[in-house]
Each structure stands twice: as structure tokens, then as C-alpha cells.
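Subject: Structure for your review

Hello,

Please find the structure below, with its sequence. My notes on what was found in it follow.

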Amino acid sequence: MDQIDIKSAQVGLIGVGNMGQALLVALLKAGADPSKINFAVRRPERNREIEERYGITAASVEEIAAESDVLMLIVKPQDLESIMERCAPHLKKDALVISFLAGKKIAMIEGGLGNPAVVRVMPNTPTLLGVGMSIVSYGNQVRPDQQRFVSEFLAAAGKSVEVAEELQDAATATSGSGPAYFFAFVEAMVEGAVAMGIDEQTATTLVVQTIVGAAKMLDETGKSATTLRENVTSPKGVTYEGLKVFGEADLAGLVSRAMKAAADRSRDLA
Ligand SMILES: NC(=O)c1ccc[n+]([C@@H]2O[C@H](COP(=O)([O-])OP(=O)(O)OC[C@H]3O[C@@H](n4cnc5c(N)ncnc54)[C@H](OP(=O)(O)O)[C@@H]3O)[C@@H](O)[C@H]2O)c1
């Protein structure tokens, strides 16, 4: 059985929308050869746009299934079944299938495609900027060289972490939905600043630069969130009074309930 690597593998993308385009950019950044990448979308104008911008080749779903060493499924979950029906008769025996679809289980994809090696990946939207967080679960037929392909490819999209598949819903509720939680917090802080008389544009600058700076401190100082929080919280000081209100309203409990609701919803989508 031939081993695959990023430079030589024939790769097919089915679906190049918001997430597919971000993943294509990461694939090229990781060193994939554009002449070895095929893709399928529905709209002819999108076909032309992707071909012209990235120098990769449009093909039919069936052709892609027949030629790919690595088949990436990046369509909406409701389109999966019909795509699998079209791919199954053509798929190479030793193909690696990478599913980026929310909620869809490895066993279901293996079943729908005649039992190939399957990897399930849940990326998040910062993947668009190369600073994504991907959660990865491997089916038990995935070979070490195929795992290496996935790791190297996802490293170009940001970070990746492997979890047992039963933790995909919890992890999705953490890093998949996470950007939206932080956006909601930014919205609330901007509203809070505006309510105290700061104009919206200035408030937005203050809050966005603050979250960027706080994120960089978390990422680059090696200090925990608890230590960094304590460092800016003098007893009975300004920040202390603000955080006391969070504590009284049980911020941790609220966030935990929100994440549990998101995880439950992810489970429903399976
Ligand atoms: N966006 C996110 O934040 C995010 C995060 C994590 C995971 N995901 C997962 O990523 C997947 C894609 O999401 P998205 O936001 O990228 O969706 P999207 O922008 O709607 O893209 C879907 C793509 O699939 C193509 N497509 C649909 N049916 C097709 C068919 N029969 N043959 C060929 N191509 C077909 C569409 O073609 P056209 O362009 O021609 O319509 C489009 O390129 C979803 O399953 C989602 O769960 C998304």
C-alpha cells in the first residue's frame, strides 16, 4: 500500500464554500501541489472563481471520488447523504476521507462509503486567518501516514487537538462555537462602554484591542488565565469590583450552561 504525503497525494475537495476555501488555503500553505487538487461545487461561476484564484481543477463528484487519495467533504450536513451515494461506487479502496461536517459520525460515513479510512474534523472560523482550532477524531482504519497528512495539513490552518469521538460534541461547544461566545462578550462590553458615555467607535476600538491583547498574553506569556486575572485584580480595586458582579451572577455557571446547551444541540444534529 502506497504511503501518502502532502506534496504527492491526489486531493479532492467536495464543497468549497466559506470553510472549504479556508481549508484549501491551508492545504496549499502546507505544500500541496495545485495540479494534484480537484474540487467540486454546484455553481459554475464559483467553479471559475476557484479555478482562476487557486489554479486547481474543477471535476465532477464522481471523478473526484475515483481519483482522490484524500477526499475532503466540506458540504452542509444536509447534502452529505446524496454526495455519499454518488461517491461510494467510485471511491478508491485505500482513500482517506476527511469529514468537516458538524455532528456526522465516523461510523455513519464509513457505512455510507463502503468502509474507507475516515477522519472527523471540526474546525472553527479563525481557520480563515490560519489561526483556527481543529478538533480531530480518527476512525480505526486510518494509517499512520494518513494521520501525518492530517496533522501537517491542519497545522497550516492553526492548531489541532485529537479527542475521542464521543467528546466531539463537547469540544464543538468549546472551540467550534467559542468564537461566537467571545464576539457576544465583545458586543456586551461595547454596549457597557456606550452606556457610560463612550461613543461606539471608540468603545469598539477599546474592547477589540483589549481582547486581542488579552488573547496574546494568554498565548505568549505561558501564564494561566487565573494568574493573569489575579495580576490585574488588586483587592478592593477597580477590576475587583467589576469581577465581583460576575461572581454574584455566577458567570462560570452561566457559561457552563451555555456550553452544555450547544453540546446538546450538536448531539441532536447527528
Ligand atoms: N463555516 C463554519 O464556521 C464552519 C465551522 C466548522 C465546520 N463547518 C462545516 O463545514 C461545512 C461547510 O460549511 P460552509 O460554511 O463552508 O458551507 P457553504 O459556504 O454553504 O459551502 C458549502 C459548499 O458545498 C458545495 N456543495 C453543496 N452541494 C454540493 C454538491 N451536490 N456538489 C458539489 N458541491 C456542493 C457548495 O457549492 P456552491 O458554492 O456552488 O453553492 C459550497 O461550495 C458544514 O458541514 C459545516 O458543518 C463550518
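**A loop residue to start from**

Val16 is buried, having 24 other C-beta atoms within 10 Å. The model is a predicted one. Val16 sits in the loop between S1 and H1. Apart from neighbours within four places in sequence, the contacts of Val16 are Gln21, Leu24, Phe39, Val41, Ile50 and Ile74. Gln168, 152 residues away in sequence, is 23 Å from Val16, C-alpha to C-alpha.

Lys93 is another loop residue, placed between helix H4 (80–87) and S5. Is Lys93 buried or exposed? Lys93 has 8 other C-beta atoms within 10 Å, and the cut-off for an exposed residue is 12 or fewer, so Lys93 counts as exposed.

**The chain as a whole**

The protein chain has twelve helices and eight strands. Of its 270 residues, 33% are buried. The C-alpha trace spans about 65 × 40 × 35 Å along its principal axes. Among contacts with a separation of 6 or more, 65% are between residues 24 or more positions apart.

Two domains are assigned: domain 1 covers 11–171 and domain 2 covers 178–268. Seven residues from domain 1 and five residues from domain 2 take part in the contact. The centres of domain 1 and domain 2, taken over C-alpha atoms, are 34 Å apart.

**The sheet**

Eight strands form an open sheet with mixed pairing, in the order S3-S2-S1-S4-S5-S6-S7-S8.

- S3 (residues 57–58) runs parallel to S2 and is joined to S2 by two bridges. Thr57 in S3 is the bridge partner of Asn38.
- S2 and S1 (residues 11–14) are parallel, with four bridges. Leu13 is opposite Phe39 in S2.
- S1 pairs with S4 in the parallel sense, again over four bridges. Here Ile14 has Leu73 of S4 as its bridge partner.
- S4 and S5 are paired in parallel over four bridges. Leu73 is opposite Ser99 in S5.
- S5 (residues 96–99) and S6 (residues 117–122) run parallel and are joined by four bridges. Leu96 has Ala117 in S6 as its bridge partner.

Leu73 therefore turns up on both sides of S4, as the bridge partner of Ile14 and opposite Ser99 in S5, if one takes the rule that strands pair through bridges.

Two of the strands are worth a look face by face. In a regular strand, side chains alternate between the two faces of the sheet. In S2 (residues 37–40), Ile37 and Phe39 lie on one side and Asn38 and Ala40 on the other, and all four are buried, which leaves both faces covered. In S4 (residues 70–73), Val70 and Met72 point one way and Leu71 and Leu73 the other, and all are buried.

**Crossovers**

Three right-handed β-α-β units came up. S1, helix H1 (residues 18–29) and S2 make one of them. S2, helix H2 (residues 44–54) and S3 make another. S4, H4 and S5 make a further one.

Nonpolar side chains tend to be buried together in soluble globular proteins. The largest nonpolar core here holds 57 residues, and those with the most contacts inside it are Ile14, Leu23, Met72, Leu73, Ile74 and Val97. H1 gives the most to this core, six residues. Which residues is Ile14 in contact with, leaving aside its neighbours within four places in sequence? They are Ala40, Val61, Ile64, Met72, Leu73, Ile74, Val75 and Ile83.

Helix H8 (residues 178–195) has 18 residues. From its first C-alpha to its last H8 reaches 26 Å, close to the 26 Å expected at 1.5 Å a residue. Gly197 follows H8 and has a positive phi, near 105°.

Regards

Definitions and conventions:
Residues numbered from 1 in each chain as written. Predicted model: local features only at pLDDT ≥ 70, side-chain atom pairs only at ≥ 80, totals over all residues. Buried ≥ 20, exposed ≤ 12 C-beta atoms within 10 Å, placed from the backbone. Right-handed = clockwise from strand over helix to strand, strands pointing away. Core = buried A, V, L, I, M, F, W, Y, C linked by C-beta atoms within 7 Å. Contact = placed C-beta atoms within 7 Å. Expected span 1.5 Å × (residues − 1). Domains from an automatic or database assignment.
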